[in-house]
Amino acid sequence: MFEDLSQNIQEAFRKLRGHGKLTDDDINKALKDVRMALLSADVNYKIVRDFEKAVKARALGTEILSNLTPAQSVIKIVDEELANLMGGKAAKLNISSRPPTIILMVGLQGSGKTTSAGKLALLMKRQGKRPALVAADIYRPAAIKQLQVVGEQADVPVFTEDIKDAVQIAKDSIKFADKHARDVLIIDTAGRLQIDERLMQELEDIKATVKPHEILLVVDSMIGQEAVNVAETFHNALGVNGIVLTKLDGDARGGAALSIKAATGCPIKFVGMGEKLEALEIFHPDRMASRILGMGDVLSLIEKAQSTIDAKTAEKMVKKIKADEFTLQDFLEQLQQVKKLGSLNDLLGMVPGLSGLKKKLTGVDLDLDGKEVKHMEAIILSMTPKERADTSIIDAKRRKRIALGSGTKVADVNKLLKQFEEMRKMMRRFRVDQAQQQASKKAKGKKGKIKKGKNTKPKMPTLPNLSGLLGQLGGKFLFKK
């Protein structure tokens with residue numbers, strides 16, 4: 001995501017580092033590089049010009065902080081202005097005090113509107129709401145069936161009617177919500193290959209009839225500056241409340257995300273970060289600005305981990321690691337939890353200082369749903385419960401059977417078993433280090449350096465082998481050709 005833009009901007013500021021004092025010329029050169037990076041990212045020229053003026057006014061003024069180097073001060077200003085360009089802070093949905101809250105999903109055909117409706121329903125369900133989906137696209141073949149499939153995956157009901165009147169369907173869905181105690185209605189409307197009067201008139205009629213609390217425009221971020229033109233047209237006709245940018249995980253430039261808010265005044269509220277139903281995230285402009293500048297996004301990483309990694313399972317893993325009882329079955333369960341976090345590519349971008357690692361791993365499969373991880377899962381699943389519990393019994397005959405059953409080679413099985421044993425050794429060393437630290441602190445406590453009664457027991461980090469696992473996958477250690 002935004003790889004090209006991020007690399008170009010970071011390169012511009014890399015030239016400033018090491019300067020004890022920045023001259024006006026240094027700042028102007030850096031901002032020229034930033035301007036070229038933004039233009040290359042397909043950001044509107046007027047928006048780029050206004051952004052550059054805002055940064056220059058602050059950078060050449062009195063905003064250089066005493067506790068930062070001159071280069072850090074300029075980067076801080078650019079970080080804040082990038083966030084302001086994208087909206088400043090995360091924009092919330094308009095939730096009605098009197099249910100149901102009605103959300104109208106609009107957009108062109110092919111933008112990902114139906115899938116985004118399902119993703120939003122799942123997100124709201126996880127927030128404690130009781131959403132329902134409404135199939136109001138009466139034109140596109142199989143549109144209703146697609147929404148029903150999405151609704152089934154999210155375990156959310158879908159309201160349909162066998163009539164060719166989208167306005168009446170939307171109106172009747174309110175009665176459905178009242179009857180079934182649904183507090184959120186997400187209406188999936190028809191799209192077109194291009195904006196036309198018929199499309200807009202129907203949407204205006206639906207809006208006038210159901211009076212939605214939120215109109216969300218779904219836009220494909222990959223179309224760049226054209227996304228801004230689409231947003232302006234829809235906003236002028238309907239008064240859009242917010243934008244859902246889809247396919248942001250595949251957008252290397254970022255022109256749409258950086259332009260839409262400034263051009264239309266409509267905030268980006270959600271971004272699609274993949275094909276999975278869980279891959280819809282609340283858009284945080286400040287966090288996105290930090291990621292673009294290579295400073296990571298720890299808060300989003302923590303939130304993602306908290307929402308996907310089961311706390312009870314993690315605690316069970318910690319106890320097994322402490323007792324030296326971590327097995328291949330446990331490894332499989334942990335791997336499946338890590339997969340829920342998303343692609344390793346995205347995770348690297350969220351960790352401060354590791355965004356540049358993606359460039360070094362060019363050509364490496366960073367997909368946690370990729371074939372290498374599937375091979376690992378297949379190998380473990382081809383083992384018997386006894387073999388997963390005790391890898392020492394896996395002899396040459398068993399390895400051959402496991403390779404045959406998993407569709408891999410014996411060499412692949414050997415590599416997995418070898419790496420697993422190295423991981424267990426790492427865990428043992430970790431326990432020894434923890435025990436030594438604990439003993440050292442207790443000894444210091446007896447000497448009066450630590451207050452009596454103070455708990456000096458070091459906390460075992462949750463899933464301590466997670467970083468090792470990610471490192472193995474990122475470095476393509478397993479199944480290397």
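Guide: Buried means under 20% relative accessible area, exposed over 50%, and partly exposed in between, with a 1.4 Å probe and protein chains only. This is a predicted model, where local features need pLDDT of at least 70, side-chain atom pairs count only at pLDDT 80 or more, and totals for chains, interfaces and linings use all residues. Residues are numbered from 1 along each chain as its sequence is written, and side-chain values use heavy atoms, leaving out hydrogens and water.

Visitor: How many of the 14 residues of H5 are buried?

Guide: Helices (H or I, at least four residues) and strands (E, at least two) are DSSP runs, numbered from the N terminus. In H5, the buried residues include Lys113, Gly118 and Met124. The helix is largely enclosed by the rest of the structure, because its buried residues number eleven.

Visitor: What should helix H5 span?

Guide: The expected span is 1.5 Å times one less than the number of residues. H5 holds 14 residues, 113-126.

Visitor: What is the bridge partner of Leu104 in S5?

Guide: Strands S1 (residues 101-106) and S5 (residues 214-220) run parallel, joined by four bridges. Leu104 has as its partner in S5 Ile215.

Definitions and conventions:
Two strands pair if DSSP finds at least two bridges between them.
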